[in-house]
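Let's take a walk through this protein together, one region at a time. Have the sequence and the coordinates open as you read.

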Amino acid sequence: MDAFRDPPAAREKVLHSFRHRLGNIPTRGSSFFIHLSELCPVACEHCMYSSDLERKSDKVALSRRELEDAIRFISESSSQKLNITGGGEPFLKFSSILRLLETVEVPRIEIVTAGHWAMSPKRTARMMRQIDEARSRNPVNPELLLRLSIDRYHLNAPRPVRIEHYGNVLRCWSESRPGFAVGLRSIQPDMGTVDRMIAKEVGAGVERVDDWNRLLVLPGGMTVPLTFNVFRRSGKALRLTEDHSGATKTIREYYGPFESRPGNLSLATAVNDAIRGEYTASTGVAVTLNSDGTFWIFCGTAPDRRLLLEKQSFAEAVAYFFEDPITHLLVDEGIWALSDLVMEMDPRTHAGALAKNDSASLVDDLLAPDDVRLAVTLIAAHRQVTRDRATVDAEHPLARMLADPAADMARMCRDTVLANRESR
Ligand code: SF4
């Protein structure tokens, strides 16, 4: 196919001509992930973000003005949940956490932290009081969960989190009984180790809930949910020598129970609630806003379609993302539909992407090669047009083929990409 001579230009041309039918795109958010900083003092050797105190980009955190823009945007999105998380350690921007807690209009908030800041009982009590006070100033009174990451890599990091730090948080929480919940999250290879050490530190018991969930029962009876995530071999973990493959589920196994029908998993629309072992289907879209100000639909955006948060409305941003047929494919059919397409046309890229066992990097890795991205664009556009959910402008050179139900677009694209690989 001629289009494959210059895949980025050809993809851009399809996007310019692709018109989805009005009314079939989401109007609200589901989970919203905000990364306040790309830096982290702990510097775990398994960090999926490769985070430490070394700057990897010109812009490592949101400025005060950008944070206000983000708060406006998140509130406007009517997202069901805000996750203050990832990229690095959000507590490096503690004032931004407090500002989010007291202003953002969402019903639920989760803060993910390593807990390294809980160095003394006094400091822990002060920071947890500030968190509670900020949350209680919020007029929408959001439900809040403070989630601590616990595993061997945090304990053995260059600047480790110590068992006492976790103990400080749990003791302070059970004694002061603030208006928020605490949860713990570990990795499946560490089940029964770090959680037991923490239980011993605070005199708690550990009760089984199901295969991957436990309850820490504190003295006095308060309970803390504890969940075990898959082990992700992405970021710095790519350099680890230990092999956890026998001790962790694959993401396909882990997310199996959350598929809306067999093989269909749309993380682009789910409300992420890993600590309760839930990924709930939603009519909204999940959004990630990174510390450099860029944002995208989580597991729903090709890597060349990220936006910079400025003054755009939530509706304008969603409309931009849905100009891309790939977003329709990921929202309607989910990540495994993309995975299956790429497996057929570029097995090596597919194997590399799946080997990381990380949903956060999966879409970017599968769509990294230019020709694969174009191929998936054409296949997704063909599906949308032939299902009468979109049109392609008549002037586009492939308009007739994209509207032809008899055209085997998947085969043509697959053969072209495979031929590209063989000729290299
Ligand atoms: S604490 Fe979290 S963000 Fe920091 S290095 Fe460890 S895994 Fe990465």
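Strands β3 and β4 pair in the parallel sense, with four bridges between them. Two strands are said to pair if DSSP finds at least two bridges between them, and the strands (E, at least two residues) and helices (H or I, at least four) are DSSP runs, numbered from the N terminus. This is a predicted model, so please keep in mind that local features need pLDDT of at least 70 and side-chain atom pairs count only at pLDDT 80 or more, while totals for chains, interfaces and linings use all residues. Residues are numbered from 1 along each chain as its sequence is written.

In the pairing of these two strands, Ile84 has Ile111 of β4 as its bridge partner. On the other flank, β2 (residues 29–35) is joined to β3 by five bridges, and these two strands run parallel. There, Ser31 stands opposite Lys81 of β3.

How many residues of β3 are buried? Five of the five residues of this strand (residues 81–85) are, so β3 is largely enclosed by the rest of the structure. A residue is called buried if 20 or more other C-beta atoms lie within 10 Å of its own, exposed if 12 or fewer, and partly exposed in between, with C-beta atoms placed from the backbone. Lys81, Asn83 and Thr85 point one way from β3, Leu82 and Ile84 point the other way, and all are buried. β4 is mostly covered too, with five of its six residues buried.

Now zoom out to the sheet. It is an open sheet of eleven strands with mixed pairing, in the order β7-β8-β9-β6-β5-β4-β3-β2-β12-β13-β14. β7 (205–210) and β14 (307–308) stand at the edges with a single partner strand each, so one side of each has no neighbour in the sheet.

Strand β13 (residues 294–297) is joined to β14 by two bridges, and the two run antiparallel. Thr294, which lies in β13, has Leu308 of β14 as its bridge partner. Thr294 counts as partly exposed because it has 14 C-beta neighbours inside 10 Å. Apart from neighbours within four places in sequence, Thr294 is in contact with Arg306, Leu307 and Leu308, where contact means that the C-beta atoms of two residues, placed from the backbone, lie within 7 Å. From Thr294 to Arg306 the C-alpha distance is 6.3 Å, although they are twelve residues apart in sequence.

Back to β4 (108–113): Ala114 lies in the loop between this strand and α4 (121–137). With 27 C-beta neighbours inside 10 Å, Ala114 counts as buried. Beyond its neighbours within four places in sequence, Ala114 is in contact with Val42, Glu89, Ser149, His154 and Val161. Gly88 is 26 residues away in sequence, and its C-alpha is 9.6 Å from that of Ala114.

Which residues are found around the ligand? They are Cys40, Val42, Ala43, Cys44, Cys47, Tyr49, Ser51, Gly88, Glu89, Ala114, Ser149 and His154; a residue is near a molecule if its C-beta atom, placed from the backbone, lies within 6 Å of it. This shell divides into seven nonpolar, four polar and one charged. Here Ala, Val, Leu, Ile, Met, Phe, Trp, Tyr, Cys and Pro count as nonpolar, Asp, Glu, Lys and Arg as charged, and the others, Gly among them, as polar.

The next stop is the domain level. The bounds come from an automatic or database domain assignment, which gives domain 1 (2–22 + 324–422) and domain 2 (29–297). Their C-alpha centres lie 33 Å apart. The contact takes 14 residues from domain 1 and 16 residues from domain 2. On the domain 1 side, α10 (325–332), α11 (335–345) and α13 (359–366) each supply at least two residues.

Of these helices, α10 has seven of its eight residues buried, so it is largely enclosed by the rest of the structure. The elements covering its buried residues include β1 (18–20), β13, α9 (314–321), α11, α13 and α14 (370–386). Just after α10, Gly334 takes a positive phi of about 90°.

Finally, the whole protein has 16 helices and 15 strands, and buried residues make up 45% of its 424 residues.
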